[in-house]
Amino acid sequence: MASSLSILATLSIIRTTFNDLIPKEIRNYLLRFIRRFSSEFTLVIEETHDGSSNHLFKAAMEYLGSHLLSASSAEGSPKRLTVGKSENARKISFGLDKHSEIVDIFHGIPMKWRYNADVNTTNNQPRSESRWYEISFQKNHAEMVKGKRERWCSDTIKLDHPMTFDTLALDGDLRNTIIEDLDSFINGKEYYKKIGKVWKRGYLLYGPPGTGKSSLIAAMANHLNFDIYNMNLSAIYSDSSLEYLLLHVSNRSILVIEDIDCTVKLQNREAGDQTASHPHGQATLSGLLNAIDGLLSCCGDARIIVFTTNYKDKIDPALLRAGRMDKHICLTYCTVSTFKQLAANYLGISNHDLFSRVEKIIKEISVSPAEVAGELMKSKDPINCLEGLIQFLESKASDSEANSEQPKPEEEGGNNKKQEKVSKSKGSTETDMKNSDPPNHNAITFVVVGCNSTSVGEYTIKEELAPILKALFMKHGNIVSNCSLKSMQCRSSLLEIACGIIHKLQSTTLDDLTEPQLQSMLASVSDLESLNLQVGWLHKRLDEIIEALQLVKPSSTLKEDDRKNLSQTISCNEPELSCFYQRSLVDGLL
Ligand SMILES: Nc1ncnc2c1ncn2[C@@H]1O[C@H](COP(=O)(O)OP(=O)(O)OP(=O)(O)O)[C@@H](O)[C@H]1O
């Protein structure tokens with residue numbers, strides 16, 4: 001199976017490139033020409049392409065490296081193979097010797113692989129070596145191979161985008177914070193090695209549509225000179241396909257999984273049926289988690305993985321757990337500062353009499369940078385653009401005024417999902433979506449989830465917390481069995497509080513937690529204990545996290561001497577401790 005997928009992958013990438021480079025008419029002509037005069041079709045994959053290294057060549061090499069030994073037992077296979085192990089590889093890999101061939105069977109079709117190498121000379125002096133693979137198969141199988149490849153083609157696309165940190169409008173310190181984070185990651189190879197952590201970084205970008213999540217990814221890639229691989233999870237039909245694709249993401253690249261909340265209904269790890277929601281099967285949550293923690297981790301140098309979502313609350317907490325997504329970055333509606341940056345970029349002006357009118361409305365309504373950028377692109381004349389923008393903003397303001405006068409479905413007791421989405425994003429706008437606003441660290445939302453409930457055994461709990469409750473029961477048993485409150489409804493609510501706290505810990509890094517937040521969680525846990533819930537383990541973990549927080553946060557109330565004492569007691573230095581807790585706020589808890 002893996003072998004077939006690998007061939008599919010390699011061929012599909014080749015086909016994508018072939019299709020990209022050669023116009024359709026010429027392609028059709030070439031195919032007709034080949035069909036008329038030859039019974040064999042050959043694809044040539046050279047080591048370099050357009051002056052830079054060819055990913056397809058690497059993919060072919062890796063595929064052969066891991067499959068040659070088994071294929072070489074077939075009759076007529078070459079008697080010589082090359083063998084080696086590169087610095088970052090986990091196992092030995094094999095290669096075809098120069099000018100040798102091997103036949104691999106794919107869906108019953110023989111595919112002939114040939115490896116060639118030639119020395120280029122100038123004035124009879126050897127200068128460089130050209131290497132290439134040839135894959136040949138019978139032309140009458142072309143349609144079948146095409147059909148099999150189709151679904152792969154859309155899965156992984158390498159993107160080029162001109163956005164940079166100079167052209168991306170970001171509020172306040174966000175730009176510098178992100179650049180510093182990227183730089184410290186990219187320069188941190190030795191540091192990661194020293195602390196025994198895989199050299200990878202995960203970012204979660206969240207915020208309403210059009211606030212620049214994709215643009216930020218492009219700016220990150222351009223800053224680091226990384227490739228971008230955009231993966232559409234809903235088009236991946238199995239974990240092994242996912243695994244294969246991830247294995248073939250090159251080093252120094254950003255793997256992007258956009259709209260993680262809605263592109264795919266990843267099955268929960270506890271759910272047994274992994275194919276129910278898709279007729280062809282589907283990548284699972286555990287497959288993705290394995291890929292992030294395992295595969296992606298061990299095969300290569302610097303890797304960045306980025307998830308984007310419009311609704312952070314809808315993401316499975318397991319994906320948000322600290323250590324998987326190291327940084328959560330909130331992108332927000334347009335502020336005065338982002339508007340000024342956009343005006344400078346698009347219109348080349350840093351001030352104008354009309355600015356004050358734009359700024360006044362922008363402060364009052366939620367408008368995305370994409371919407372503002374759209375207006376600023378409508379004319380070459382700055383005044384026309386600004387007047388158009390003011391008109392647009394005014395009509396948006398009057399629309400939102402009219403909407404706010406309509407009774408909301410929730411107020412009417414309705415349960416309309418679409419409306420729920422709208423009111424949720426409006427809520428976010430008013431609270432934490434403006435990236436200029438300081439984060440409200442003391443406002444704890446334990447349960448930041450939707451309103452659908454589900455049953456876990458005899459208890460009813462918010463759908464999003466169900467996986468946590470199941471894991472909690474597995475590890476700690478029925479913690480409410482001795483509870484002094486007897487009704488299932490009350491017990492369910494208490495379980496929801498405990499799960500809400502765990503959800504919060506799972507989805508936050510130590511950097512983003514404050515002592516008052518933790519003290520408030522601790523107070524809730526003490527209340528639960530006073531009602532005889534068995535949550536001593538959670539109490540203990542919160543105590544540990546508070547200690548760690550005091551140690552790693554210079555702004556905490558701990559005096560320097562206390563900090564040193566604490567550091568000695570825990571026998572861990574500050575960066576180690578910070579790093580440890582980034583990934584293990586909840587490790588072992590469930
Ligand atoms: N912060 C920004 N600075 C400059 N341009 C922006 C910014 N945000 C959005 N834009 C413009 O709006 C367009 C759409 O933005 P982008 O696709 O990055 O938003 P998004 O948050 O990824 O949207 P979605 O959630 O719908 O995928 C971009 O191509 C860019 O031209």
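## Helix α7, an enclosed helix

The buried residues of α7 are K213, S214, S215, L216, I217, A218, A219, M220 and A221. That makes nine of the helix's 12 residues, so α7 is largely enclosed by the rest of the structure. Please keep in mind as you read that this is a predicted model.

What covers those buried residues? The cover includes one helix, α5 (174-186), along with the strands β10 (200-206), β11 (227-231), β12 (253-257) and β13 (303-309). The length of α7 can be checked too: at 1.5 Å a residue, its 12 residues should span 16 Å, and the C-alpha atoms at its ends are 17 Å apart, which agrees. Once α7 is over, the chain reaches N225, where phi is positive, near 60 degrees.

Leaving out residues up to four places away in sequence, I217 touches I228, I254, V256 and V306.

## Around the ligand

Which residues are closest to the ligand? They are P209, G212, S215, P369 and A370, out of 15 residues that surround the ligand. Three elements, α7, α11 (336-347) and α13 (369-376), each give two or more residues to this shell. S215 is also one of the buried residues of α7.

By residue type, the shell divides into seven nonpolar, seven polar and one charged. Domain 2 (159-330) and domain 3 (336-405) each supply at least three residues to the shell around the ligand.

## G202 in strand β10

Strand β10 was named above as part of the cover over α7, and G202 lies in this strand. Is G202 buried or exposed? G202 counts as buried, because 22 C-beta neighbours fall inside 10 Å.

R324 is 122 residues away in sequence, but the C-alpha atoms of G202 and R324 are separated by 6.0 Å. Setting aside neighbours within four places in sequence, G202 is in contact with I305, R324, M325 and D326.

## Helix α16

Helix α16 (residues 466-476) has buried residues of its own: A466, P467, I468, L469 and L472. The elements covering them include the helices α10 (317-320) and α17 (488-506), as well as the strands β15 (453-456) and β16 (459-462). Just after α16 comes G477, with a positive phi of about 75 degrees.

## Two loops and a strand

H99, in the loop between β5 (93-96) and β6, has a positive phi near 60 degrees. H99 is exposed, because it has 11 other C-beta atoms within 10 Å. D259 sits in the loop between β12 and α9 (285-298), and its phi is positive as well, at about 50 degrees. With 17 other C-beta atoms within 10 Å, D259 is partly exposed.

Strand β6 (residues 101-106) holds V103. V103 is partly exposed, with 15 other C-beta atoms within 10 Å. S136 is 33 residues from V103 in sequence, and their C-alpha atoms are 9.4 Å apart in space.

## The whole protein

How many helices and strands does the protein have? There are 21 helices and 16 strands. Of its 590 residues, 31% count as buried. Among contacts between residues at least 6 apart in sequence, 72% join residues at least 24 apart.

Methods
Residues numbered from 1 in each chain as written. Predicted model: local features only at pLDDT ≥ 70, side-chain atom pairs only at ≥ 80, totals over all residues. Contact = placed C-beta atoms within 7 Å. Helix = DSSP H or I, 4+ residues; strand = E, 2+ residues; numbered from the N terminus. Buried ≥ 20, exposed ≤ 12 C-beta atoms within 10 Å, placed from the backbone. Expected span 1.5 Å × (residues − 1). Near = placed C-beta within 6 Å. Nonpolar A, V, L, I, M, F, W, Y, C, P; charged D, E, K, R; others polar. Domains from an automatic or database assignment.
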